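Trainee: I'd like to learn how to read helix contacts and salt bridges in a model. Can you walk me through them?

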Amino acid sequence: MHSTSGTAGGYQLGAGATIPPLLLDDEEAVAVALGLRTSASGSVSGIEEASVRALLKLEQVLPPRLRHRVAALHSYIVPLGTRGPTVDAELLSVIAAACRDHEGIRFSYHNRSGAPSVRVVEPHRLVHTGYRWYLAAWDTGRKDWRTFRIDRIEGKLKTSTRFRPRTPPEGDFATFVSKSLAQAPYPYRARVTLRAPLATIAQRIPPSAGVLEAVDEYSCMLDTGSHSLEGITIHLSLLGIDFQVHEPPELIDYIRRLADRLRQATA
């Protein structure tokens, strides 16, 4: 701790000092407690134990009224489990620091087919889709923007020279990652009009499942892809809204044949 005497004096904590008391209002305290409980079983590995320790310390100092609220929320919130692969917390920290310091990184990577490669990139943002973690970066070898799944990065990262930040593609990095995932080289691509407002559909379809564009205040267009016609059909059916398929023709024929079979099954 560094101090200065006199009427204008005061104190300042130096690097590595004990964290000073943290003042939270009721809603902030509940939010922190829920966040710690979620992170204890979330998609980032390596912080589970620390999250539990922090949660225990926080709950010990909460007033009774807040302890009851947190306990009730914990009792009636049932997680479905991790929806995507877990990633290492230290790896995320190193990449985030490289983004912050505008420092290039080099790493080993394997794509969806398992083919290995060595990438040298200028990292800009980490994006979490709710299923997986992605890195949005400028690939110096490909001379273009790329997205990388964090769980496919192998070995230790090596840092390189500093770089000047670039203008985000697609206006912002979240949109860029969303479109990159939706435009993955699936064998089947589909364009479908959904008879519901964009805001309603956006709550049901994650960014990684397709790109949404408003048609009017009552409908929107979905650009999506899949490895099978069955997958697209099931996905559209489970939305529970009316829709019209524009392409591909194979999907239109498949849905027509399926509709005929369903009518015969209920005749």
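Predicted model: local features only at pLDDT ≥ 70, side-chain atom pairs only at ≥ 80, totals over all residues.

Trainee: At roughly what angle do the axes of H7 and H8 cross?

Mentor: For helix H7 (residues 229-238) and helix H8 (residues 249-265), the crossing is at roughly 65 degrees, and the axes come within 10 Å. Angles of 65 to 115 degrees count as roughly perpendicular, so that is the label for H7 against H8.

Trainee: Is the crossing of H7 and H8 left-handed or right-handed?

Mentor: The H7 and H8 crossing is right-handed.

Trainee: On to salt bridges, then. What's the general idea?

Mentor: Side chains of opposite charge can pair when their charged atoms come close. Here, searching the whole structure turns up 11 salt bridges. One of them joins Arg69 to Glu27, with 3.3 Å from N to O.

Trainee: Which parts of the chain does the pair of Arg69 and Glu27 tie together?

Mentor: Arg69 sits in helix H3 (residues 64-76) and Glu27 in helix H1 (residues 26-39), so the bridge ties together parts 42 residues apart in sequence. As for accessibility, Glu27 counts as exposed at 52%, while Arg69 is partly exposed at 34%.

Trainee: What about Arg149: buried or exposed?

Mentor: Under 20% relative accessible area means buried, and Arg149, at 14%, therefore counts as buried. Its salt-bridge partner is Asp151, with the closest N and O atoms 2.7 Å apart. Asp151 is partly exposed, at 24%.

Trainee: Where does the salt bridge of Arg189 and Asp223 sit in the chain?

Mentor: Those two side chains meet at 2.8 Å, N to O. The pair links distant parts of the chain, with Arg189 in strand S10 (residues 188-194) and Asp223 in strand S12 (residues 219-226), 34 residues apart. Both partners are partly exposed: Arg189 has a relative accessible area of 27%, and Asp223 has 22%.

Technical notes
Residues numbered from 1 in each chain as written. Heavy atoms only, no water. Salt bridge = Lys/Arg side-chain N within 4 Å of Asp/Glu carboxyl O. Helix = DSSP H or I, 4+ residues; strand = E, 2+ residues; numbered from the N terminus. Buried < 20%, exposed > 50% of the residue type's maximum accessible area, 1.4 Å probe, protein only. Axes fitted to C-alpha atoms, helices over the stretch in contact; angles between N-to-C directions. Parallel < 35°, antiparallel > 145°, perpendicular 65-115°, else oblique. Left-handed = near helix turned anticlockwise from the far one by under 90°.
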